[in-house]
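Take a walk through this protein with the model open beside you.

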Amino acid sequence: MEGAIRTLKNSYEDMTFLHIKNRIKYKIEKLNLNEVLRNRVKYFELIAKTQNRVLNLETFDNILIDMSNIELERLIDNNISNAIKYSSINSTINIILDSNNLRFISNGEKIKDTKSIFKRYIRENISLGGHGIGLSIVKDICDKYNIKIDVYSQNDNNIFSYTFNCHTNITRKS
């Protein structure tokens, strides 16, 4: 039940974001991407577990970025949510932060059209839930912050890669 509530809350946050994004100016903050990512993965672990998936987070750097926390959470949440929804049952979703690159790697059906999936209301697999808005939100945020998007399939995995150009400092873990 808690997993379902979290999924519903995430959908509500997407709808709210879409409704007000052009009417509100989000506060730009200096954020630790590693820390925000850890918190969001922790939030989604129960959802993944109820869907028979495992989230595996690997971070190699602490990266500070100038970005709105709300927009960063929308970017991360929509990627994790999609990875859970579209990955194979009993699979592991790898989330890797290395330097200024963030990757979401999930095992599942190969994405056929890596460009159109970012258009609003477009879904490759209509038999699975969703509204086709999550990745359009991600694309809008990436365009706003000059975050480079790469989507590709490799070894039965779908990889969503984001290269942050809004970073201010990178510190290598020892």
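**A helix and its partner**

At 1.5 Å a residue, the 12 residues of α4 should span 16 Å, and the end C-alpha atoms of α4 lie 17 Å apart, which agrees. Keep in mind that this is a predicted model.

Where does helix α4 sit in the chain? Helix α4 covers residues 134–145. Just past α4 comes asparagine 146, with a positive phi of about 60°.

Now look at which residues of α4 are hidden. The buried ones are Gly134, Leu135, Ser136, Ile137, Val138, Ile141, Cys142 and Tyr145. Buried here means under 20% relative accessible area. An α-helix has 3.6 residues a turn, so residues three or four places apart point the same way.

Next, find the partner, helix α3, at residues 69–86. Two packed helices are described by the angle between their axes and the distance between the axes. The axes of α3 and α4 come within 9 Å and cross at roughly 140°. That makes α3 oblique to α4. Their crossing is left-handed.

Which residues make the contact? From α3 come Glu71, Arg74, Leu75, Asn78, Asn79 and Asn82. They meet Gly134, Leu135, Ile137, Val138, Ile141, Cys142, Lys144 and Tyr145 in α4. By type, the residues of this contact divide into 7 nonpolar, 4 polar and 3 charged.

Now move to a strand. Glutamate 29 is found in strand β1, which runs over residues 28–32. Is glutamate 29 buried or partly exposed? Its relative accessible area is 30%, so glutamate 29 is partly exposed. Set aside its neighbours within four places in sequence. Glutamate 29 is then in contact with Ile65, Asp66, Met67 and Asn69. Take isoleucine 65 from that list. Glutamate 29 and isoleucine 65 are 36 residues apart in sequence, and their C-alpha atoms are 7.8 Å apart in space.

Finally, step back to the whole chain. The protein has 4 helices and 8 strands. Along the sequence they follow the pattern α-β-α-β-β-α-β-β-α-β-β-β. How much of the protein is buried? Of its 174 residues, 44% count as buried. Contacts also reach along the sequence. Among those between residues at least 6 apart, 73% join residues at least 24 apart.

Terms used: Residues are numbered from 1 along each chain as its sequence is written. This is a predicted model: local features need pLDDT of at least 70, side-chain atom pairs count only at pLDDT 80 or more; totals for chains, interfaces and linings use all residues. Side-chain values use heavy atoms; hydrogens and water are left out. Axes are lines fitted to C-alpha atoms, for helices over the stretch in contact, and angles run from 0 to 180 degrees between N-to-C directions. Helices (H or I, at least four residues) and strands (E, at least two) are DSSP runs, numbered from the N terminus. Angles under 35 degrees count as roughly parallel, over 145 as roughly antiparallel, 65 to 115 as roughly perpendicular and the rest as oblique. A crossing is left-handed if the near helix is turned anticlockwise from the far one by less than a right angle, and right-handed if clockwise. Contact means heavy atoms within 4.5 Å. Ala, Val, Leu, Ile, Met, Phe, Trp, Tyr, Cys and Pro count as nonpolar, Asp, Glu, Lys and Arg as charged, and the others, Gly among them, as polar. The expected span of a helix is 1.5 Å times one less than its number of residues. Buried means under 20% relative accessible area, exposed over 50%, partly exposed in between (1.4 Å probe, protein chains only).
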